[in-house]
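Dear colleague,

Please find below the structure that I am handing over to you. My findings follow it.

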Amino acid sequence: MTMMARGVERTGVRMAKNGLDILHIEDDSRTAADLQELMRATGDRVTWAPTGSEGLRQAGVGEFDVIILDRMLPDFDGLTVVRQLRDSGIGTPLLMLSALGRTIDRAEGLDAGADDYLAKPFEATELLARLRALHRRASGHTHSAVIIHGAFECHVKARTAFRAGKHLALSPKEFELFRYMIENAGDVVTREMLLRDVWKMGFDPQTNVVDVNIGRLRRKLEDGFATPALETIWGTGYRLLDGR
Amino acid sequence: MQRVSLLDSIFTRLVAWAIAVSIAVVLVLGWLVTTKFERMSQATVRWNVDADIRHMADILDARGQTELVAHIQESADLASPPGTGTHFLLVDAQGRRLAGDMTQWPTFPARGGQSGDIMLPGGRPAFARAVDLAPDMRLLAARETGWTMIQLNQIGLSFVAGGLFVVMAVGVAGYITARRLSSRVRVINAAFRDPEPDRLAALDTRQARMDEIAELTRHSSAALTRLDRLARSQRDTTDQIAHEMRTPLMHLDNRLVRAIQAQEQAGSGSGASSGGPDAETIERLIAARGEIRHVVATLESLLDIAHSEAQRGNPQGLAEVDLSALAANIADLYTASAEDTGHDFRLEAEEGVTMQGDEIQITRLVINLLDNAFKYVPPGGRVTLIVKRDAKGHPLIAVADNGPGVPPEYRETIFERFGRVQNGSGDPNGHSKGAGLGLALARAIAQRHGMELRLAPTVRGARFELRVQAGA
């Protein structure tokens, strides 16, 4: 039990609150309705604001875990809304959802103060994974010395990994991957998130390079164990299991 | 962002020229005035000396030698201001002094004969002339020229002082004018460098005067505003196209997702009537979703190409990119998949190669080249990513392989939009992900960075090179 020293984090207890409170600023009612339906299934609560000014008002009075903001609104430009939010001291994690998906559009959104950027059309799992990762990052639980998830342990400083006490021989990049997975343990991480956060690439190369790298990591995590370590979410990403 | 240095500025050069010209003018004027003055003074002195001699000759003729001696003595005793004195020496045939204030016969300049500039005792310069008044009598008359020298010096000093003042005045006036002109030109330059709307507005308001720069400013402002409007309308149009296509595609995609879910639920429902999930329908629906992704990716690539082409030559948004680190990162991502596909993938990167660029775009360019190589090189082949400096020290990125190479007729067309090499065997795996836009986008990105992407001549395989444009 030496691993339970100071700085140890248990991913199981972190998401005590069920679901997220989400503010959705979006003029397209169909997109809003689709999102409502999606969020109802995952247990998140969505407040819909059809205009930029309504969104700003809601963001000022309500308590939200994350904000989803459409880039093109009838009254304001989405970029203006982010800037106004940030200028008035509202630091709620914000994901910009947009029909403009080019790298330049992403860069503009992030520069304006958005924390993440997702282009339409998007996979539902991608959106959910991003929202959870955003919320997790904002709650600031990611700087522990040792991260434990189920049978997995990640010693961040020593850069070593264990499963059920057995040392896992990972290459530096595989360790980075593992660390990212365990930091988001219990939630889905998508290919795009891995590319962006582990390889620092702001776009999807459209080839299976990420899957191959994950495949290698999976083999190392599962070597000598009977139970799977990673769950593949078809078409989008992966989830680290508890490994027991 | 190179700015014109002070030494290279045309305004500095103009001021320097003005100063040089005024110095030359002052020097020439000074020279003219002093020479003229010197000549006039010389002529006056000569005339006076001759008059003195004539006067003495008259006295000798009229009153005889005794009177002459007395008169000479009298004249010599007269006091005169310094530098203007009159001097005489009267000698007999043997050279003995008969009268005059001078004690010694002076030495005339070699070529002057019996007249010329002499030096009196005490270092006083003078002009002298000697004549034979009678067969046994010789008179020397001299006038000091020291005063002329003093006057010449005064004139010279005045010119130096006046000249200095003129040069300073020209310099100061030139500097002020140059600064004013230079600031007006700088506004135009700034507007061209970075055509922001407020800069353009600033151009418009600065038309108080009707001179050449005002005209240039007006024309620049009009041209830039037009360009800016064009760029904006291009951006707005592409944004609208993207928006109007992506949103309905998303709704379509959502319908497909629901259809897939409905099929799956129909399958999990135990009712005999449902007949289980229709695997074939689900597969088709998934394929349809794939098509949507493909349309979106194609649209995005086309818009990215348009954007890169519009940005060509614009240094805005470029920062120093460490190409060696970028290549290492990409190689790291590709090594595993290359091993899986049986390719021999190598990275040959020199340390610390950098360039001014947009990191995301350059990554994208390299990845497009690698994807292209892995697509066409059969398993067992070699793909090498090279980052180095060329002979001139410019950065160079290359992706080389030992695959089948590119047929001569396709060497240029592969860089065109949808200009893929058609391989005769068909494409059973549906290699359509790139939509034939990968190399077109790579070339557009290269050009946006002022570089060229070309297929280098090789004996075997293909070698794509990204390098600084020849002559750049």
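Chain B contains nine helices and 12 strands. Please bear in mind throughout that this is a predicted model. Of the 472 residues in chain B, 23% count as buried. Among the contacts in this chain between residues at least 6 apart in sequence, 63% join residues at least 24 apart.

Leaving aside neighbours within four places in sequence, B:Val366 is in contact with B:Ala327, B:Ile330 and B:Ile397. As a general point, nonpolar side chains in soluble globular proteins tend to be buried together.

Helix α3 of chain A

Which residues of helix α3 (residues 52–61) of chain A are buried? They are A:Gly52, A:Gly55 and A:Ala59. Viewed down the axis of α3(A), the buried residues fall within an arc of 55 degrees, and therefore they line one face of the helix. In general, an α-helix has 3.6 residues a turn, so residues three or four places apart point the same way. On the face of α3(A) turned away from the buried side are the exposed residues A:Arg57, A:Gly60 and A:Val61. The cover over the buried residues of α3(A) includes β2, β3 (45–49), β4 (66–70) and α4 (78–87) of chain A.

Contact between the chains

In chain A, 26 residues are in contact with 31 residues of chain B. On the side of chain A that touches chain B, the elements giving two or more residues are α2 (29–42), α5 (103–112) and α9 (209–222) of chain A. The most comes from α9(A), which gives four residues. By class, this side of chain A has 11 nonpolar, seven polar and eight charged residues.

Confidence in chain A

The average pLDDT of chain A is 84, and 90% of the residues score at least 70. Within chain A, confidence is highest in strand β2 (residues 21–25), at a mean of 94, and lowest in helix α1 (residues 11–14), at 38. Over residues 1–16 of chain A, pLDDT stays under 50; the model has 19 contacts beyond four places in sequence for these residues.

With kind regards

Conventions. Residues numbered from 1 in each chain as written. Chains lettered and ligands numbered in written order. Predicted model: local features only at pLDDT ≥ 70, side-chain atom pairs only at ≥ 80, totals over all residues. Contact = placed C-beta atoms within 7 Å. pLDDT = per-residue confidence, 0-100. Buried ≥ 20, exposed ≤ 12 C-beta atoms within 10 Å, placed from the backbone. Arc of directions from axis to C-beta. Nonpolar A, V, L, I, M, F, W, Y, C, P; charged D, E, K, R; others polar.
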